[in-house]
Amino acid sequence: TKAPNCARMLIRIKVIPHYVKLMLLCCPVLFMQAPLQYFVHADDDPKLASLALVMGCVFDCLSGYILIVVNNSGVNGSVWATLIGAVVMEFICLLHFCTKKGCLKLKRPSGILPEIAKDSLKTGFATSMQYFYKFVILLAFNRILLKISGENAVAVYDISTNAASFALAVIDAVILAMIPLVSTFFGERNKEGIRSSFWISVVTGVCATAAISAVLMIFSKEFCGLVGVSQGLIAEGAFAVRMVVLSIVLACVNNVLAAYFQNIDSERISYIIIFMREFAVLFICGVLFSKGSYPMFWYTYLVTEAVVFVVTVAMIFVKKTVMKQPLIHFEEGAVFSETFSGSCEKISEVCERLQEFLEQEHASVKKAYLVTLAVDETCRLIAENTDDLMLQLTLIVTGEEYVLHIRDNAGKFNPMEIDDEDEHGLGLKIVKKQAKEYYYRQFVGFNTLTMSIAKENSV
């Protein structure tokens, strides 16, 4: 038996470096999958983003079966299958930019501005580093488990983390739904909307992950049998699955908190949460629990999530009570905000109050008239196309411009697409010529129109 084992080891030693080299050559294509999908999802096309993800996985699996099983291409076939899946996914995502439905467009870069690059790095650093942390943890935990219990422990670790991935997929879905809502409300400086989106996400995520975790814990032995665990390892695998899955509910709360803080301009807290749960606390707990018996190691994830949650709550408490800083901090600027029905009387009343607000902010007569005209014309056009309408208007006065956010619960309707020659669009024709920029999007049943008008001294 020793000779075949040695032969298998020699094959692995030769094959693995070859596989790694091929995958590294494909990295530029593979790394573009996640950014493209996120861009398309955020640019008001979540259905196409989901379709791209599903079709990428389907083509990956089909290509793998054809190349590896049917064609017996081995490692090369595995890499080609992964690459084909990635190319299909990215091609579908790129179709979004060809339709020109959203705000994002493909454009030849005119150079990288240091400030933009710095802001992008600051925003993305918190989440991008988690992939590096996962790589280090995977290597470290594999070595720890090989040392304390052998190859079977590594196999059990892989099975338990795969079981947790079912619940983690739900967490990703909750976060993807929360991010555009929180970002929109943050842009509108709507604290109530931000908090409501956060708590709805937490409650939804906790309920969903608790249900999935309960099923996996009850049927942990059956799950291990389903994925091909041998009879002698089922009890060990079932215990590991139960312990890892037990941490999922807390993992949901911590993940939602990290995404929430990243989207309210608190990237530092987001980075600390991710750093703790993906690397620092996880690594320390793994090393400490490995010093005990082998079953003790499986408490690592549960204790990690608990520690991260306690530390996060402590950071929030210190920021609010000791440092006297609000969790949600907006840039300076006056804000006018009202929610009202779409009746003509209500629109007129809101426009009168808006006019008074602009006068208090020392707006010029011309700009006050233009902003009020934009609100009046837009709201009336929206009201003409639906019943039982509710609108929310937010005007933010910054140092250089007036930023209007108009949100409604009507059917999909973009007033900015009305033809300038249409009698209903005469007022908007003036507004569109004077506006610095404007864009419209529909998301989770709401239409949002954002428009910015330069101040007199910024024209």
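Guide: Let us begin with a single residue in this predicted model. Thr209 lies in helix H8, which covers residues 191-218.

Visitor: Is Thr209 buried or exposed?

Guide: A residue counts as buried when its relative accessible area is under 20%. Thr209 has a relative accessible area of 0%, so Thr209 is buried.

Visitor: Which residues is Thr209 in contact with, leaving aside its neighbours within four places in sequence?

Guide: With those neighbours set aside, the contacts of Thr209 are Ala167, Ile171, Ile248, Val249 and Cys252.

Visitor: How should I read a nonpolar core?

Guide: In soluble globular proteins, nonpolar side chains tend to be buried together. Here, the largest nonpolar core has 51 residues, and those touching the most other members are Phe141, Ile194, Tyr260, Phe261 and Trp298. Several helices supply at least two residues each to this core, among them H6 (114-149), H8 and H13 (300-322). H7 provides the largest share, with twelve residues.

Visitor: What is Ile194 in contact with, beyond its neighbours within four places in sequence?

Guide: Ile194 is in contact with Val182, Phe185, Phe186, Tyr260, Ile264, Ile328 and Phe330. There is also a second, separate core of 35 residues, and its members include Leu354, Phe357, Leu370 and Ile382.

Visitor: Which residues in H4 are buried?

Guide: An α-helix has 3.6 residues a turn, so residues three or four places apart point the same way. In H4, the buried residues include Leu48, Ala49, Ala52, Gly56, Ser63 and Gly64.

Visitor: Where in the structure is Val54 found, and is Val54 buried or partly exposed?

Guide: Val54 is also found in H4. Its relative accessible area is 47%, and Val54 is therefore partly exposed. Val54 belongs to a nonpolar patch on the surface, together with Val58, Phe59, Leu62, Trp80 and Ile84. The accessible area of these residues together is about 530 Å².

Visitor: Which elements give two or more residues to the nonpolar patch?

Guide: They are H4 and helix H5 (74-99). H4 gives the most, with four residues.

Definitions and conventions:
Residues numbered from 1 in each chain as written. Predicted model: local features only at pLDDT ≥ 70, side-chain atom pairs only at ≥ 80, totals over all residues. Heavy atoms only, no water. Buried < 20%, exposed > 50% of the residue type's maximum accessible area, 1.4 Å probe, protein only. Contact = heavy atoms within 4.5 Å. Patch = residues over 30% accessible without salt bridge, like charges linked within 9 Å, V, L, I, M, F, W, Y side chains within 5 Å. Areas by Shrake-Rupley, 256 points an atom, 1.4 Å probe, with all protein chains shown as cover. Salt bridge = Lys/Arg side-chain N within 4 Å of Asp/Glu carboxyl O. Core = buried A, V, L, I, M, F, W, Y, C linked by side-chain atoms within 4.5 Å.
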